[in-house]
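Could you read each point with the coordinates open beside it?

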Amino acid sequence: MERKKTKVYEMAFIALMAAVTCIMGPLSIPIGIVPISLTNLAVYLAIYVLGCKRGTLSYIVYLLIGLVGVPVFSGFTGGVGKLFGPTGGYLIGFIFMALICGWFIDKFSCKLVPSFIGMVLGTIVCYAFGTGWLAYQASMSFYAALAAGVLPFIPGDLAKMVIAAVAGAQIRRRLAQANLVENRQ
């Protein structure tokens with residue numbers, strides 16, 4: 001009976017964090033081809049709250065919700081066309097970002113410096129997927145795509161990482177105190 005209860009909690013938290021991403025993801029500021037979005041902040045927080053496997057799963061649920069046409073992507077868009085558009089590489093890159101961030105956060109028990117390093121490395125991998133796809137889709141050089149889709153976002157993404165590192169660890173600690181998630185610290 002206890003295992004069933006745990007599974008229900010896990011599914012509920014995965015759904016909750018997917019919903020948080022659905023709320024934060026469409027909030028964006030258009031600047032050129034690639035908008036500033038809160039999706040990566042939502043993914044970082046999901047990883048802190050749920051851990052690597054479940055946090056990544058919550059992002060995949062969000063991605064599937066968007067792919068069926070619900071307007072949860074940046075600028076309140078949705079559908080498969082978004083995946084094949086100029087920013088589709090970032091949407092796929094977020095999966096790998098979640099896995100890399102999650103591994104570091106889980107492995108080092110939410111410790112600040114290693115978790116931050118994991119977020120930086122995961123974000124770099126996401127940037128690589130996004131930049132490669134943007135260059136291909138927009139018929140631009142890799143360097144032009146890097147200038148359009150990465151460089152303007154670095155300061156904001158670093159700020160989101162700091163917010164996630166501080167808030168995520170606190171949220172995780174509070175949920176563990178309430179016996180809603182396992183304590184990894």
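The points below cover the basis of the values, the overall fold, the nonpolar core, the aromatic pairs and the cysteines.

1. Basis of the values. This is a predicted model, in which local features need pLDDT of at least 70 and side-chain atom pairs count only at pLDDT 80 or more, whereas totals for chains, interfaces and linings use all residues. Residues are numbered from 1 along each chain as its sequence is written, and side-chain values use heavy atoms, with hydrogens and water left out.

2. Secondary structure. The protein has eight helices and two strands, where helices (H or I, at least four residues) and strands (E, at least two) are DSSP runs numbered from the N terminus. Read from the N terminus on, the order of the elements is α-β-β-α-α-α-α-α-α-α.

3. Overall dimensions. The radius of gyration, taken over C-alpha atoms, is 16 Å for the protein, close to the 16 Å that the globule rule gives for 185 residues, so the protein is as compact as a globular protein of that length; the rule itself is 2.2 Å times the number of residues to the power 0.38. Along its principal axes, the C-alpha trace spans about 55 × 35 × 20 Å.

4. Surface and contacts. The protein exposes about 9,100 Å², of which carbon and sulfur atoms supply 74%, with accessible areas coming from the Shrake-Rupley method with a 1.4 Å probe. Buried residues (under 20% relative accessible area; exposed is over 50%, and partly exposed lies in between, with a 1.4 Å probe and protein chains only) make up 45% of the 185 residues. Among contacts (heavy atoms within 4.5 Å) between residues at least 6 apart in sequence, 66% join residues at least 24 apart.

5. Nonpolar core. A nonpolar core is a set of buried Ala, Val, Leu, Ile, Met, Phe, Trp, Tyr and Cys residues joined through side-chain atoms within 4.5 Å. The largest one holds 46 residues, and Y44, Y48, Y59, M97 and M119 touch the most other members. The elements giving two or more residues to this core are α1 (2–24), α2 (39–50), α3 (52–67), α5 (88–107), α6 (112–137) and α8 (154–177), and the largest share, ten residues, comes from α2. Leaving aside residues up to four places away in sequence, M97 touches N40, V43, Y44, G122, T123 and C126.

6. Aromatic pairs. Rings of Phe, Tyr and Trp (its six-membered ring) pair if their centres lie within 6.5 Å, and planes under 30 degrees apart count as stacked, over 60 as edge-to-face and the rest as tilted; by this rule the count is nine aromatic pairs. The ring centres of Y59 and Y62 are 5.5 Å apart with the planes at 45°, so this pair is tilted. Both residues lie in helix α3, three residues apart, about one turn of the helix, and both are buried. Ring pairs also link Y59, Y62, F73 and F94 into a cluster. W103 and F104 form an edge-to-face pair, 5.1 Å centre to centre with 85° between the planes; W103 is partly exposed, at 46% relative accessible area, while F104 is buried, at 16%.

7. Cysteines. With a disulfide taken as a pair of cysteine sulfur atoms within 2.5 Å, the count comes to zero. The sulfur of C22 is 17 Å from the closest cysteine sulfur, in C126, which is too far for a bond, and C22 is buried at 16% relative accessibility. C52 is likewise in no disulfide, the nearest cysteine sulfur being that of C101, 9.0 Å away; C52 is buried, with a relative accessible area of 15%.
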